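Please look through the structure shown here before reading the briefing that follows. The points below are grouped by topic for someone meeting the structure for the first time.

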Amino acid sequence: SAKEGGDGVGKGTEALLQKADAELSAHLTTILGKRGIDALVLPHAQRLAVALLSPDACAFVWDLCLLAGWQHLQPALTAVLISLKEGLRACTNTKSASAHLLTAARKVTAAQLQRVLEDHFMDAIRADLNAPLPSSALER
């Protein structure tokens, strides 16, 4: 079930990224080591994405988490990594990956996060919440 970690709920960033973007996951695991992806985002998760994202993108993530639960912070942080894929693929070590994340994540927009979340994680989030698809809400 979604509550037990199916498709994104309750999983760490590493597992989520492996499923959503195996190529980026493999590259980051190569340069960061095993469990390195979770370690890369941990300080930002502990600060609930404050100072990582722009105020607008951070507010979007907080809205998601306040409405759906803080367990959805991991899919949101994974969406940040996917949004930064090209720059992260150019990184060659932990220091450069961390520096790129800190500088480039502030340029990720709420709309970008929304698109990546929709592409990879919203089905599981909706299932976790027993929420209908947006299209079915219009059918009433």
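Buried means under 20% relative accessible area, exposed means over 50%, and partly exposed lies in between, as found with a 1.4 Å probe on protein chains only. By that definition, the buried residues of H9 are Met-122, Ala-124, Ile-125, Arg-126 and Asp-128. Helices (H or I, at least four residues) and strands (E, at least two) are DSSP runs, numbered from the N terminus. This is a predicted model, in which local features need pLDDT of at least 70 and side-chain atom pairs count only at pLDDT 80 or more, while totals for chains, interfaces and linings use all residues. Residues are numbered from 1 along each chain as its sequence is written, and side-chain values use heavy atoms, with hydrogens and water left out.

**Confidence**

- The protein averages a pLDDT (the predictor's confidence in each residue, from 0 to 100) of 90, and 90% of the residues score at least 70.
- Over residues 1-9 the pLDDT is below 50, and this stretch has 20 contacts (heavy atoms within 4.5 Å) in the model beyond near neighbours in sequence.
- Among the elements, the highest mean pLDDT, 98, belongs to helix H6 (residues 85-89), and the lowest, 74, to helix H10 (residues 134-137).

**Nonpolar core**

- A nonpolar core is a set of buried Ala, Val, Leu, Ile, Met, Phe, Trp, Tyr and Cys residues joined through side-chain atoms within 4.5 Å.
- The largest such core has 40 residues, and those touching the most other members include Leu-28, Leu-84 and Leu-113.
- H5 provides the largest share of this core, seven residues.
- Not counting residues up to four places away in sequence, Leu-84 touches His-100, Leu-101, Ala-104, Ala-105 and Val-108.

**Arg-126 and the end of H9**

- Arg-126 has its place in helix H9, and it counts as buried because its relative accessibility is 10%.
- Leaving aside neighbours within four places in sequence, Arg-126 is in contact with Glu-118, Ala-131, Pro-132, Leu-133 and Pro-134.
- After H9 comes Asn-130, whose phi is positive, near 60°.
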